[in-house]
Amino acid sequence: MARITCIANEVGVSPATVSRALARPEMVAKATRERILAKAKEMGFDVSNNRGLGDGQNLLGVIVADLTNTFSAGILKAITSLAENDGMQILLGVTNENSMVERKIISDFNRYSLSGLIAMPTGSSQCPVIECRNVVAVDRPFINRETKCALINNQKVVKIAYEHLNLKGHKHIVYISGKSSLFTFKERLVAASSYENVECIELDALEYNDLYTKAFELTNILLTRHSNRPSAILTANNAITSGVAYALSLRNVVMPRDMALVSIGDPEWCRFFPCPITTVKLPEDDLGSTAYEMLKQSDHHVRFIEPMLLPRASS
């Protein structure tokens, strides 16, 4: 049976390109795809049935939410580094928080004999049929499906951010969340709403650009309040932080004098923003490496990764 690596070496392309040519042909240039399919047939592989191209020993499926978000990218980088050390090849899918895309990716992945699957689920109540038995959910669990999980302690994420702002004397904090249909947003929203002096606002958005835009618009509205104006804003993820920080910057709001800001998530730009932004670091590298190591463990369990507060000038 021809293997991805053998075909890739013969054609002179990467194994990832071979995987895409067979599973997602629309993503590969026609000439390249035709060379790959021709070589696969020449090597005795039936291209009309791609199942089993991966030999079960060196092909790992990875599904992430959004590569424009440094959090997803960091998880993928950690997984990829460990997989390469073990001689594994990565079959990558990106959902952009779309459950229909997720189902399509998993359907494509089911055509291969994957040795394992690491996925950031969209949170859809209709869990896709996953034929791979060795599955680890990362950052969020699958709904209605029991798998191993590597998760962030979301209650602690909100707790340490709130305690930091409360210690600084903020009596009215606005917490800006994404849509609570997503597991992480829901957990953090529930935690934030337990504090009396926190006003929780849920954006009707999940995808990075929508979160960014709506957070920008909301921040401008908050700044026009004559009464009930908050003294601090806590953001639920990197995309929301970007929108809030941009709005504050455009309106020349001085942090933390005019408004304090704390971000859940620590994108690199937060360290170098004109006013460095306080963050709760979610160690995505630890999350990714933990998920990968859990593939090698047979029991079903959950492992929590602890967040860490990084105080900076914005608060």
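Q: Helices are DSSP runs of H or I with at least four residues and strands are runs of E with at least two, both numbered from the N terminus; where is the place of asparagine 228?
A: In this predicted model, asparagine 228 has its place in the loop between α8 and β8 (232-235). Its phi is near 60°, a positive value in a residue other than glycine.

Q: Which other residue has a positive phi although it is not a glycine, and where is that residue found?
A: Asparagine 96 has a positive phi of about 50° and is not a glycine. Asparagine 96 is found in the loop between β2 and α5 (99-109).

Q: Why is asparagine 96 called partly exposed?
A: The relative accessible area of asparagine 96 is 39%. Buried would require under 20% and exposed over 50%. Asparagine 96 is therefore partly exposed.

Q: Why is methionine 308 placed in the class of partly exposed residues?
A: Methionine 308 lies in strand β12 (residues 308-310), and its relative accessible area is 46%. That value lies between the limits of 20% and 50%, so methionine 308 is partly exposed. Methionine 308 and lysine 77 are 231 residues apart in sequence and 20 Å apart in space, C-alpha to C-alpha.

Q: Why does alanine 83 count as buried?
A: Alanine 83, which is found in helix α4, has a relative accessibility of 0%. From alanine 83 to asparagine 58 the separation is 25 residues in sequence and 8.9 Å in space, C-alpha to C-alpha.

Q: Why are the buried residues of α1 said to be on the same side of that helix?
A: In α1 (residues 4-11), the buried residues are Ile4, Thr5, Ile7, Ala8 and Val11. They cover an arc of only 165° around the axis, and therefore they are on the same side of α1. The face turned away from this buried side carries Asn9 and Glu10, which are exposed. Glycine 12 follows α1, and its phi is positive, near 85°.

Q: How do you know that β1 and β2 pair, and in which sense do they do so?
A: Two strands pair if at least two bridges are found between them. Strand β1 (residues 59-64) and strand β2 (residues 89-94) are joined over six bridges, so they pair, and they do so in the parallel sense. Within this pairing, glycine 61 stands opposite leucine 91 in β2.

Q: What makes a β-α-β unit here, and which hand does the unit have?
A: The unit is made by β1, α4 and β2, and it is right-handed. With the strands pointing away from the viewer, the path from β1 over α4 to β2 therefore runs clockwise.

Q: How many bridges join β1 to β3, and how many join β3 to β4?
A: Four bridges join β1 to β3, and these strands run parallel. Leucine 60 has glycine 116 in β3 as its bridge partner. Three bridges join β3 to strand β4 (residues 135-138), again with the strands parallel. The bridge partner of leucine 117 in β4 is valine 135.

Q: Which residues of β3 point one way, and which the other way?
A: In strand β3 (residues 116-119), Gly116 and Ile118 point one way, Leu117 and Ala119 point the other way, and all are buried. In a regular strand, side chains alternate between the two faces of the sheet.

Q: What is the volume of the largest pocket, and which residues lie nearest its centre?
A: The largest pocket has a volume of about 390 Å³. Its lining comprises 29 residues, of which Asn69, Phe71, Ser72, Asn237 and Asn238 lie nearest the centre. At least two residues of this lining come from each of α4 (70-85), α7 (183-192) and α8 (208-223). The lining divides into eleven nonpolar, seven polar and eleven charged residues.

Q: Why are the residues that line the largest cavity called nonpolar?
A: The largest cavity, with a volume of about 30 Å³, is lined by Val158, Tyr162, Ile173, Ala192, Tyr195, Val198 and Leu234. Val, Tyr, Ile, Ala and Leu count as nonpolar, so the division is seven nonpolar, no polar and no charged.

Q: What is the peptide bond from methionine 255 to proline 256, cis or trans?
A: This bond is cis, with omega near -5°. The place of proline 256 is in the loop between α9 (238-250) and β9 (260-264).

Note on methods. Residues are numbered from 1 along each chain as its sequence is written. This is a predicted model: local features need pLDDT of at least 70, side-chain atom pairs count only at pLDDT 80 or more; totals for chains, interfaces and linings use all residues. Side-chain values use heavy atoms; hydrogens and water are left out. Buried means under 20% relative accessible area, exposed over 50%, partly exposed in between (1.4 Å probe, protein chains only). The arc is that of the directions from the helix axis to the C-beta atoms. On a 1 Å grid over the protein atoms alone, a cavity is a set of points where a 1.4 Å probe fits but cannot get out, and a pocket is an open set with protein on both sides within 12 Å along at least five of seven lines; lining residues have an atom within 4 Å of a point. Grid points are joined across faces, edges and corners, and a volume is the space filled by probe spheres set on the points.
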